[in-house]
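The report below is meant to be read beside the sequence and the coordinates.

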Amino acid sequence: MLPDHTQGKIGAINNVFGGGNAAPVQGDTQVNIGTAVGEDVYLVKAFKTGDTLPENCYTKNGNNYETAIGTAVEGITYYRKYPVVGVDIRGNVYGGGNNAEVTGNTNVNIGKKAE
């Protein structure tokens, strides 16, 4: 049984699957677990050319993220920054799907890679 949800926390989940739920996956899957709470993650965010960029919008220059302001430009990849809040995994972690075939490789990385 999962605990009650606490506002502001991601909470607890059962199983983690890297592939589809009863649906085949064509290609590879990758599951990354263990980014430290308090760090940030940057995820690609799609904008149409000319869209006004919101706060917490970034572009990537090498290994660095730089604040993006103004309007979206064609051919530029934009990222949104999200804080890592953590989760309590109560079940198992699988690189593949739930009752599903993965035709490529499955990778599960637990813990942050040393730099």
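**Confidence**

The chain has a mean pLDDT of 81, and 83% of its residues reach 70 or more. Within the chain, confidence is highest in strand 5 (residues 57-61), with a mean of 95, and lowest in strand 3 (residues 29-33), with a mean of 77. Where pLDDT is low, predicted coordinates should not be read in detail.

Four strands form an open sheet in the order 4-7-5-6, and their pairing is antiparallel. Strand 4 and strand 6 (64-67) are the edge strands, each of them pairing on one side only, and from one strand to the next the twist averages 45 degrees. Strands 5 and 6 are joined in the antiparallel sense over four bridges, and Thr59 stands opposite Glu66 of strand 6.

**The salt bridge**

How many salt bridges does a search of the whole structure find? The search finds one, and it is formed by Lys81 and Asp40, whose closest N and O atoms are 3.9 Å apart, a separation to be read against the cut-off of 4 Å that defines such a pair. Because Lys81 lies in strand 7 (residues 78-83) and Asp40 in strand 4 (residues 40-45), the pair ties together parts that are 41 residues apart in sequence.

**Accessibility of selected residues**

The residues discussed individually here have the following computed accessibilities.

| Residue | Relative accessible area | Class |
|---|---|---|
| Lys81 | 26% | partly exposed |
| Asp40 | 34% | partly exposed |
| Thr29 | 5% | buried |
| Ile89 | 28% | partly exposed |

Thr29 lies in strand 3, the strand in which confidence is lowest, and at 5% relative accessibility Thr29 counts as buried. A polar atom of the Thr29 side chain lies 2.4 Å from the backbone oxygen of Gly95. When residues up to four places away in sequence are not counted, Thr29 touches Gly18, Gly19, Gly95, Gly96, Val102, Asn105, Thr106 and Asn107.

Ile89 belongs to strand 8 (residues 88-89) and is partly exposed, with a relative accessible area of 28%. Leaving aside neighbours within four places in sequence, Ile89 is in contact with Ile13, Asn14, Val16 and Ile33. For one of these pairs, Ile89 and Val16, the C-alpha atoms are separated by 7.9 Å, although the two residues are 73 residues apart along the chain.

Definitions and conventions
Residues are numbered from 1 along each chain as its sequence is written. This is a predicted model: local features need pLDDT of at least 70, side-chain atom pairs count only at pLDDT 80 or more; totals for chains, interfaces and linings use all residues. Side-chain values use heavy atoms; hydrogens and water are left out. A salt bridge is a side-chain nitrogen of Lys or Arg within 4 Å of a carboxyl oxygen of Asp or Glu. Helices (H or I, at least four residues) and strands (E, at least two) are DSSP runs, numbered from the N terminus. Buried means under 20% relative accessible area, exposed over 50%, partly exposed in between (1.4 Å probe, protein chains only). pLDDT is the predictor's confidence in each residue, from 0 to 100. A polar contact is a pair of N or O atoms within 3.5 Å; within protein, one must be able to donate a hydrogen and the other to accept it, and residues adjacent in sequence count only if both atoms are side-chain atoms. Contact means heavy atoms within 4.5 Å. Two strands pair if DSSP finds at least two bridges between them. Axes are lines fitted to C-alpha atoms, for helices over the stretch in contact, and angles run from 0 to 180 degrees between N-to-C directions.
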